[in-house]
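Please prepare a short briefing on the side-chain contacts and the strand pairing in the structure shown below.

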Amino acid sequence: MGAVSGAGPLKIEAVEVLELHGRYSAEAGVDRQAQVNPEDIYDDLRPPVYVDKPGGMVEVKTEAIYIRIRTAGGLDGLYGPVERDAARVVYDDLRPFLIGKDALAGEALWDQMYRSNRHSRDGFFMMGISAVDNTLWDIRGKALGVPVWRLLGGPTREKVEFYASALGSSLQLDAVRKRCLELRDEGFRYQKWFMGYGPGSGEEGMRKNVELVKTLRETLGEDYELMFDMYSGWDQGYALEWAKRVEQYRPKWMEEVTHPEKIESFAEIHRMTNVPVAAGEHFYGRWEVERYLQAQALSVVQADPEWCGGVSELLKIGTVASLHDVPVLPHGHSLRAAAHTIFAQSPMTFPLGEYLVLKMKHYHHFETNPPVVERAHMTLPLGAGFDVVLDEGKVEGQRVWAVS
């Protein structure tokens, strides 16, 4: 159906959770390097040292969950993949509220969903709000026949550059050298690597964490930017010791060094080292971002539109960050919502996107037109809304959680 006209409401008739099942082929025994995580301080929870062990091609069973909102005007919004925990909030809590509401009244619906539950400010509930918000943006784009970035005021550029995230890549140094050169040759000027060790691994782990930085800098030279993710697996003292040892290799940032509630630790790390500090994929809303920035705790904000409240909230976070002259580089859990927002906003505030190189090989498996990053850039998407189109030929099984 084409675009609709007039200023009347577009009432929501159904909110559906689509669970899709299928399979794809992948090489066994590779790209499974674990990153450090908060549990690693316990010996029995810390994984063994990882080594790639290629084992040939295997079939991998996969699933993905999408949110579909149907309207009385015949327009459907579709967004995903979303996480199962977020989908449960949509199904159990938000679906009954949304029936009969105006799909075009996005600001009111966001505020009402946020006010509907005392636990809405973070976690799975905010993730559910994010899923609905992004789906509603898809409806509004389809209603007007334009991409979401157009609704947001863009474009501000014809292409967006992405940095490569090497999550899953082996941290064996020979493998690191090979993979970082491959990424360089694919056009990525920025690379992010994921630390494999934390305080539980002692001095040997620290040495390996430092050696990773040294190896990357020596292999790539000075013309490439290097970032490092700690996934909340460190503490303040460990982070400062690592930063002291690697400052000479000029990391662009150290990310998620400890738990996100420890604003004071982030602020102290930011104050005590020349290595910039990044965080935000686990931020839930503009209020948390403002507290961090008021504390002068961050160099980079990394809010995720699948988690922080959707595109609607990511825009507000961008405004907050711009007041402090701090850039927003949305976390790359997914691509569409982040990319459309970046395309619509100032390159000063939203300069880059994140591309999880290994994850994105299969993340959009069930779509006919997945987002494409070539030579580290995405070109301006032209389809209406988010233009998510499912490939029925890849769907081997489907379950609809709700139909009305």
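A network of salt bridges links Glu16, Arg68, Arg70 and Asp76. A salt bridge here is a side-chain nitrogen of Lys or Arg within 4 Å of a carboxyl oxygen of Asp or Glu. The model is predicted, so local features need pLDDT of at least 70 and side-chain atom pairs count only at pLDDT 80 or more, while totals for chains, interfaces and linings use all residues. Residues are numbered from 1 along each chain as its sequence is written, and side-chain values use heavy atoms, with hydrogens and water left out.

**Salt bridges**

- The search of the whole structure finds 30 salt bridges.
- In the bridge between Asp76 and Arg70, the closest N and O atoms are 2.5 Å apart.
- Asp76 is partly exposed at 24% relative accessibility, and Arg70 is partly exposed at 28%. (Buried means under 20% relative accessible area, exposed means over 50%, and partly exposed is in between, with a 1.4 Å probe and protein chains only.)
- Arg84 and Glu19 form a salt bridge with an N to O distance of 3.3 Å.
- Arg84 belongs to helix H1 (residues 84–98) and Glu19 to strand E1, so this pair ties together parts that are 65 residues apart in sequence. (Helices, H or I with at least four residues, and strands, E with at least two, are DSSP runs numbered from the N terminus.)
- Arg84 is partly exposed, with a relative accessible area of 26%, whereas Glu19 is buried at 6%.
- Arg189 and Glu161 form a salt bridge in which the closest N and O atoms are 2.7 Å apart.
- This pair links distant parts of the chain, 28 residues apart: Arg189 is in the loop between helix H5 (173–185) and strand E5 (190–194), and Glu161 is in strand E4 (residues 159–165).
- Arg189 is partly exposed at 42% relative accessibility, while Glu161 is buried at 13%.

**Strand pairing**

- Four strands form an open sheet in the order E3-E2-E1-E12, with antiparallel pairing. (Two strands pair if DSSP finds at least two bridges between them.)
- Strands E3 (76–82) and E12 (397–400) are at the edges and have a single partner strand each, so one side of each is left without a neighbour in the sheet.
- On average, neighbouring strands of this sheet are turned by 25° against each other, direction ignored. (Axes are lines fitted to C-alpha atoms, for helices over the stretch in contact, and angles run from 0 to 180 degrees between N-to-C directions.)
- Strand E1 (residues 12–27) and E12 run antiparallel and are joined by four bridges.
- Leu20 stands opposite Gln398 in E12.

**Aromatic rings**

- Eleven aromatic pairs are found in a search of the whole structure. (Rings of Phe, Tyr and Trp, its six-membered ring, pair if their centres lie within 6.5 Å; planes under 30 degrees apart count as stacked, over 60 as edge-to-face and the rest as tilted.)
- The ring centres of Phe266 and Tyr292 are 5.4 Å apart and the planes are at 70°, so the pair is edge-to-face.
- Phe266 is in helix H8 (residues 263–272) and Tyr292 in helix H9 (residues 286–294), so the pair ties together parts 26 residues apart in sequence.
- Phe266 is buried at 1% relative accessibility, and Tyr292 is buried at 0%.
- Phe228, Trp234, Tyr238 and Trp242 are linked into a cluster by ring pairs.

**Charges over rings**

- The charged end of Lys101 sits over the ring of Phe97, 4.2 Å from its centre. (A charge sits over a ring if NZ of Lys or CZ of Arg is within 6 Å of the ring centre and within 35 degrees of the ring normal.)
- Arg140 lies over the face of Trp137, 4.2 Å from the ring centre.
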